[in-house]
Amino acid sequence: MGANSSSISELPENEYLKKLSGAEPISENDPFWNQLLSFSFTTPTNSADLKLLEEATISVCKSLVEKNPRTGNLGSLIKVFLSRTKELKISAECQNHLFIWQAHNALFIICCLLKVFISRMSEEELQLHLTYEEKAGPGSYGAECEDLIEELLCCLIQLIVEIPLLDITYSISLEAVTTLIVFLSCQLFHKEILRESIIHRYLMRGRCLPYTSRLVKTLLYNFIRQERSPPPGTHVFQQQTDGGGLLYGIASGVATGLWTVFTLGGVGSKASPQLEQCSPLASQSLLLLLVLANLTDAPDMPNPYRQAIMSFKNTQDNTAFSSSNPHAFQINFNSLYTALCEQQKSDQATLLLYMLLHQNSNVRTYVLARTDIENLVLPILEILYHVEERNSHHVYMALIILLILTEDDGFNRSIHEVILKNITWYAERVLTEISLGSLLILVVIRTIQYNMTRTRDKYLHTNCLAALANMSAQFRSLHQYAAQRIISYTCRHLRRYVYVLDKLYFPHSHCSTLQHCFSTLSDNGEELLSLTCSHILRSYASSLFSLLSKKHNKVLEQATQSLRGSLGSSDSPCPDYAQDLNVIEEVIRMMLEIINSCLTNSLHHNPNLVYALLYKRDLFEQFRTHPSFQDIMQNIDLVISFFSSRLEQAGAELSVERVLEIIKQGAVALPKDRLRKFPELKFKYVEEEQPEEFFIPYVWSLVYNSAVALYWNPHDIQLFTMDSG
């Protein structure tokens, strides 16, 4: 950097970098700093460029790590930066490009060096590097030893919250956010969650604490505004057209020959298409916000950044702030809602939405009151629909958001009143017109189905079923395809259940036939199993279910042991179908409860569900005596019997329209008092104990994978494995 560096390969031999990392102390007043900071570049934005930069400067960094305890040059550089930031606000107002440019360059170098220092040493060692003070005389040190870490952290926060966001300040604002992330990146190099940290302590108390609410508010507004990066080179000092000369606006002894261009792609190079479509500052600010919000509480005080996120209010809310939370503030909820709706394709925006809905009751109340809730729900459904393309954490967050929303009865009612046209991303079937509620049901069932056949994650299907259960009492005017999928999905598991029982108890009877059927089963081929399953059920259902009701667990254990023995070793793993039995039983039970909840609470609103149930009645009737489902089957069996009787009275060869008409008429006549009452199906999302064990690695995997202008050697990362993000 500085003079004579026009490419990355030349950096190790750059005289200014060699001097910075050399054995001689450099005073903070030395003209050297003006020379070092006189370079122009487009901040690197991809990991390939950053990797090149890190590899090229590693010898410089190693030398500085070795020599700095004696020279204190890193501390001097930080002091130079701190002195220049005191005038940044005025410089921005006066459009003083050169001053802002050099301050940015200083911070860029500091950030690069800190990243290396933090990856190679403990926080205590870093603190020693930054508390160097030149000897005042023989055998003595200066009276005061400045704490440069706290001063720099506080300065960075002030820069973020106080410097107006202009084209000329965009890069230094981004660099300040990036440097704060780097300061906190010590977590990446520890397997365990950091609960005691020097950096955390500085950020959560002392001089930084009063800026908590302003920092959170600014980071949120950066996310909301999605300001595009200005054209490359905007922040670079430009030669004045009025002949004022290259050094116009600053009294400096720097010779014009020192102003050379250090490029990682060229000052005037075109940004990549991906970067043209996003805001680096918005993305980086959101990552920093997530990191801060997930810092662990100190032993004697809660995380103030989480407190701020939990308590901020709408700008239109005139109620007084609670005295118990000094970090509350106000923000425009309409703008926040719009940004959240537009940005859900990114993991970090979905995680922010989850945090706000789960932790901030003001935001949750506002979101649930929106009349355009489809703008938020549709992007969440699209995440779940493309489950195979998303990482598991993103899918979890999207699903939990739905679960939180479905805890509200008003939401469950309103989504059936929102009619959508032509959902192009739903490929299984053309949906020209469908309610948001019916679409939600379709997507959630599809997610359960994908999970049961691919990932087999009990947590995932449990939460999917919980969301459907929360909605079930408010099902209204279900689309015929949604009603069909509810019933056919239940039938699929009833048949799967029969197949597993067949494998366990009658291993030589129908295995080959059923195995073939299941291997070819698809959404469009469910009828393949009807005949076989019905035959099996008729042949031994009553005796088998009777047996299960008496000694189900004992028989299952004996069957499992028998299967293991037939495999030739007691250590052989139990076959999938033996392990699956209880899981399938749980899913069937929950689906039957969901159907029952709809029938007992809103049967007259859902003729399509009754139609689909009658169409599959043969299979349901076979399970009326099963001990695990007998109680819940009473209502379903009553409904089937009642409507079947009315259809028989109406005669044969009825059209679909006539059947639906009979169902609608029968719904009024059905004696509701004969339906058994069950407790209301309501599930509430509760975070696991020690949620930081999940969220902190998740957040840092997002930082590692998507932070702008940051690269870490994957071999150094300890917090998570490379495929965990």
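## Packing of α11 and α15

In this predicted model, helix α11 crosses helix α15 in a left-handed sense. Helix α11 spans residues 212-225 and helix α15 spans residues 333-342. Their axes lie 8 Å apart and meet at an angle of about 55°.

On the α11 side, the contact is formed by L220, F223 and I224; α15 contributes S335, L336, A339 and L340. Of the residues in this contact, six are nonpolar and one is polar, while no charged residue takes part.

K115 belongs to helix α6, which covers residues 97-120. Is K115 buried or exposed? Its relative accessible area is 10%, and since buried means under 20%, K115 counts as buried.

Leaving aside residues up to four places away in sequence, K115 is in contact with E54, V182, L710, Y711 and W712.

## Confidence of the model

The average pLDDT of the protein is 81, and 78% of the residues reach a score of at least 70. Residues 134-145 remain under 50, and the model gives this stretch 10 contacts beyond four places in sequence. Residues 235-277 also have a pLDDT below 50; for that stretch the model shows 82 contacts beyond near neighbours in sequence.

Where pLDDT is low, predicted coordinates should not be read in detail.

Notes: Residues are numbered from 1 along each chain as its sequence is written. This is a predicted model: local features need pLDDT of at least 70, side-chain atom pairs count only at pLDDT 80 or more; totals for chains, interfaces and linings use all residues. Side-chain values use heavy atoms; hydrogens and water are left out. Helices (H or I, at least four residues) and strands (E, at least two) are DSSP runs, numbered from the N terminus. Buried means under 20% relative accessible area, exposed over 50%, partly exposed in between (1.4 Å probe, protein chains only). Contact means heavy atoms within 4.5 Å. pLDDT is the predictor's confidence in each residue, from 0 to 100. Axes are lines fitted to C-alpha atoms, for helices over the stretch in contact, and angles run from 0 to 180 degrees between N-to-C directions. A crossing is left-handed if the near helix is turned anticlockwise from the far one by less than a right angle, and right-handed if clockwise. Ala, Val, Leu, Ile, Met, Phe, Trp, Tyr, Cys and Pro count as nonpolar, Asp, Glu, Lys and Arg as charged, and the others, Gly among them, as polar.
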